[in-house]
Amino acid sequence: MSFFDNFLCCSSSEDLNKAVFSSEIIAANIPIFAPMENRKLKNSELDRKSVSEFKEAKKTPIIVILDNVRSLNNIGSIFRTADAFLIQKIYLCGITATPPHKDIQKTALGATETVAWEYVENVLEVVEKLKAAGVKTFAVEQAENATMLHDFKPENDQSYALIFGNEVKGVQQKVVSASDEVLEIPQLGSKHSLNISVSAGVVLWDVFVKMSVSKSIL
Ligand SMILES: C[S@@+](CC[C@H](N)C(=O)[O-])C[C@H]1O[C@@H](n2cnc3c(N)ncnc32)[C@H](O)[C@@H]1O
């Protein structure tokens with residue numbers, strides 16, 4: 001049976017695989033007719049920054065504050081997202097664990113080496129310090145009079161600190177009250193809230209895009 005016979009008689013993708021990888025085809029050096037559009041990129045083709053290039057790069061003027069985040073996987077995941085969008089710094093507060101830790105590493109995949117971070121026990125101390133330095137502090141939470149994420153427009157040349165809360169208790173009320181504003185992700189389904197690292201992904205991407213587009217970075 002020739003390659004073409006083999007190819008044409010395939011009735012399922014399993015048959016096609018058998019045909020394509022049969023020793024007959026490989027021995028005959030026949031080109032494989034696989035569609036090449038949307039070829040998936042190798043990691044080496046993604047043109048990512050090295051740790052030192054990341055450190056040198058201009059950062060997005062966003063600081064993340066984690067208020068008593070319990071899950072090490074969530075912390076690691078937020079590091080990885082922060083790396084993707086060149087976030088300036090992460091403050092780890094209260095019970096939030098700090099790197100190095102194998103369960104943070106599982107989801108951070110090395111992002112704890114790139115993104116700047118600092119542990120400060122008292123989250124209110126960080127909020128007050130950043131406010132005094134001119135950074136606008138936003139609790140990311142579901143609260144009365146919150147600004148819905150799609151309505152939020154970052155001001156030009158303004159730095160923002162975004163505060164995410166504990167998996168069960170959320171951002172503490174005293175921290176929400178101390179913040180300049182509250183940002184809420186609208187939800188239309190049955191669940192009360194999103195997982196914290198998912199909410200960080202949604203908010204950081206949204207604010208990053210709005211800032212980047214206004215500065216033509218993307
Ligand atoms: C699982 S939620 C906490 C929910 C908790 N039941 C509460 O009372 O706040 C963990 C964190 O994810 C973020 N989050 C989740 N869903 C959100 C939403 N729809 N809007 C804004 N932030 C959200 C907030 O930072 C929140 O503190």
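**A walk across the sheet and its helices**

Start by selecting T147, which stands opposite L183 in β7. What you have open is a predicted model, in which local features need pLDDT of at least 70, side-chain atom pairs count only at pLDDT 80 or more, and totals for chains, interfaces and linings use all residues. Residues are numbered from 1 along each chain as its sequence is written.

Now show β5 together with β7 (residues 181–184): the two pair in the parallel sense over two bridges. Pairing here requires at least two bridges found by DSSP. Strands (E, at least two residues) and helices (H or I, at least four) are DSSP runs, numbered from the N terminus.

Next, colour the whole open sheet: seven strands in parallel pairing, in the order β3-β2-β1-β6-β4-β7-β5. β3 (117–120) and β5 (147–148) are at the edges with a single partner strand each, so one side of each has no neighbour in the sheet.

Angles run from 0 to 180 degrees between N-to-C directions, with axes fitted to C-alpha atoms, for helices over the stretch in contact.

Finish with helix α5 (residues 72–84), which packs against α10 at about 15°, the axes 9 Å apart. The two are therefore roughly parallel, a term for angles under 35 degrees. To see the contact (C-beta atoms, placed from the backbone, within 7 Å), select N74, S77, I78 and T81 in α5, which meet I196, S197, A200, G201 and L204 in α10.

Key:
Angles under 35 degrees count as roughly parallel, over 145 as roughly antiparallel, 65 to 115 as roughly perpendicular and the rest as oblique. Two residues are in contact if their C-beta atoms, placed from the backbone, lie within 7 Å.
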